[in-house]
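Please keep the sequence and the coordinates at hand while reading.

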Amino acid sequence: MGSSVFLLALFLFTASQIFNNAFSFPTHLRNHRHRRYASHNYRDALTKSILFFEGQRSGKLPANQRVTWRRDSGLTDGSDMHVDLVGGYYDAGDNVKFGYPMAFTTTMLSWSVIEFGGIMKSELPHAKDAVRWATDYLLKATAQPDTIFVQVGDANKDHVCWERPEDMDTARTVLKIDKNNPGSEVAAETAAALAAASLVFRRTDRAYSRLLVARAKRVFAFADKYRGAYSNGLKSYVCPFYCDYSGFQDDLLWGAAWLHKATKDPRYLSYIQVNGQTLGASEGDTTFGWDNKHVGARILLTKAFLVGKVQSLHDYKGHADNFICSLIPQNQYTPGGLFFKMGDDNMQYVTSTSFLLVTYAKYLTSSHKLVTCGGTIVTPKKLRALAKQQVDYILGDNPLKMSYMVGYGPRYPRRIHHRAASLPSVSSHPAKIQCSQGFDAMRSESPDPNILVGAVVGGPNEHDQFPDERSDYEQSEPSTYTNAPLVGTLAYLAHSFGQL
């Protein structure tokens, strides 16, 4: 659907109508139905959304590496503390490995595969490879009992340089949490990631799956027993980058929810029943991302009630419905129809919310349930329509007619805030590019020499404007946790329109 139609639909909704219909569904989706033909090549977008993760890899790259302009990097990571921390992902456009968002990325990639892997067809092996690249690293980071290595690299020093990961010579500082310096949020998220990933490999690699779930149990016990925020003890290193703003309670609920799903151990259900309210199960927060997991936990636990028939989790249906109803107010959308939560990397909330919409729609459909918002009935079809509209906006149905996924469509961001993409590849420029020398490329107006295919950038502002400037990290930087939930949504859309 073209942006002009969205704009017209949005502005026809007068202020009096907003007041009188406070619980009506967003105007740009009223009476919306999937077209018989696809707005976009969702299968192509799915392929590219997964390929992006290969461009973010750290460590020794495999022989089947498809993003060939990248090379090995971070091969001595962990050596400062005599541990092997080689591998994992760079979270965004710098060269630091932050454990907290990496774990969330892993959980969301796994959830994408759990819900929609069965329809991914030829992309499923690539999606599972993306999960395993993360979990192999997380297993290394959690190898020592009651200890998690939560970061490699010092962001403050890393950001002084603009270097390729293959060249980086800044300190590869290793940070950890333990009994004396706890970090319940990053530990519980890591447990969630390992538990979710165990389900991804349960049928195809049972030994690996058992290893993941056993480690998840141990890590969650550590998170719960030694409570505290990692951004207290490690504040100078993790803040403001991935500071714990929401508290660790949401992560404990999220971790317990995933362990309950992965193990069916009644002790985790009991934990949720006893601790759910104190961990914020019924709080009114509606932002789902690397920092706050409440909404995701509510949706996941609602599945256990709706599909798994766990009656004691009945209240979570109401909590999940409240989140759906929170998406109705018109002032949360740009004039072009994009869900807008905040200026810094807003697209992460667009992709995470869209994933929850198609996933909750799946749960509602299988249980023959609906959502009631005031006097308005919200059907699974409407949830899917909203998710599709958000994805279509990302892929180019917006006022600028720009795809916010690099490499998709004829017009996409050409100057992303990403060191490896903006600097010449090692194959084209073998000589080292020094720390400060790279800033010439960062400040350049020239297009990126390397196309980081599949990267979804932070996106436009609240007025649908996007400058495509490399220095604008809020709008031009991609991240792994933006792409991870999008993988599942794209798989659903590609299958729905017969592309898979």
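Helices are DSSP runs of H or I with at least four residues, and they are numbered from the N terminus. The model described here is a predicted one.

## Backbone geometry in the loops

Most residues other than glycine have a negative phi, and most peptide bonds are trans. Against that background, lysine 264, which sits in the loop between H11 and helix H12 (266-275), has a positive phi near 60 degrees although this residue is not a glycine. Lysine 264 has a relative accessible area of 58% and is therefore classed as exposed, the cut-off for that class being over 50%.

A positive phi, of about 55 degrees, is also found at aspartate 146, again a residue other than glycine. Aspartate 146 belongs to the loop that runs between helix H5 (124-141) and strand S2 (147-152), and with a relative accessible area of 26% this aspartate is partly exposed.

The loop between helix H10 (235-238) and helix H11 (249-263) holds proline 240, and the peptide bond leading from cysteine 239 to proline 240 is cis, with omega near 5 degrees.

In soluble globular proteins, nonpolar side chains tend to be buried together. In this model the largest nonpolar core has 153 residues, among which Trp111 and Tyr360 touch the most other members. Helix H7 (residues 184-200) gives the most to this core, contributing 12 residues.

When neighbours within four places in sequence are left aside, the contacts of tryptophan 111 include two further tryptophans, Trp254 and Trp258, together with Phe288, Phe355 and Tyr363. Also in contact with tryptophan 111 are Gly296, Ile299, Leu300, Leu356 and Thr359.

## Packing of helices H15 and H20

Two packed helices are described by the angle between their axes and the distance between the axes. For helix H15 (residues 347-367) and helix H20 (residues 480-496), the angle is about 35 degrees and the axes are 8 Å apart, and the crossing of H15 and H20 is left-handed.

On the side of H15, the contact is made by Met347, Gln348, Thr351, Ser352, Ser354, Phe355 and Val358, while H20 supplies Tyr481, Thr482, Pro485, Leu486, Gly488, Thr489 and Tyr492. Sorted by class, the residues in the contact of H15 with H20 comprise seven nonpolar and seven polar ones, with no charged residues. Phe355, which takes part in the contact from H15, is also one of the residues in contact with tryptophan 111.

How values were computed
Residues are numbered from 1 along each chain as its sequence is written. This is a predicted model: local features need pLDDT of at least 70, side-chain atom pairs count only at pLDDT 80 or more; totals for chains, interfaces and linings use all residues. Side-chain values use heavy atoms; hydrogens and water are left out. Helices (H or I, at least four residues) and strands (E, at least two) are DSSP runs, numbered from the N terminus. Buried means under 20% relative accessible area, exposed over 50%, partly exposed in between (1.4 Å probe, protein chains only). A nonpolar core is a set of buried Ala, Val, Leu, Ile, Met, Phe, Trp, Tyr and Cys residues joined through side-chain atoms within 4.5 Å. Contact means heavy atoms within 4.5 Å. Axes are lines fitted to C-alpha atoms, for helices over the stretch in contact, and angles run from 0 to 180 degrees between N-to-C directions. A crossing is left-handed if the near helix is turned anticlockwise from the far one by less than a right angle, and right-handed if clockwise. Ala, Val, Leu, Ile, Met, Phe, Trp, Tyr, Cys and Pro count as nonpolar, Asp, Glu, Lys and Arg as charged, and the others, Gly among them, as polar.
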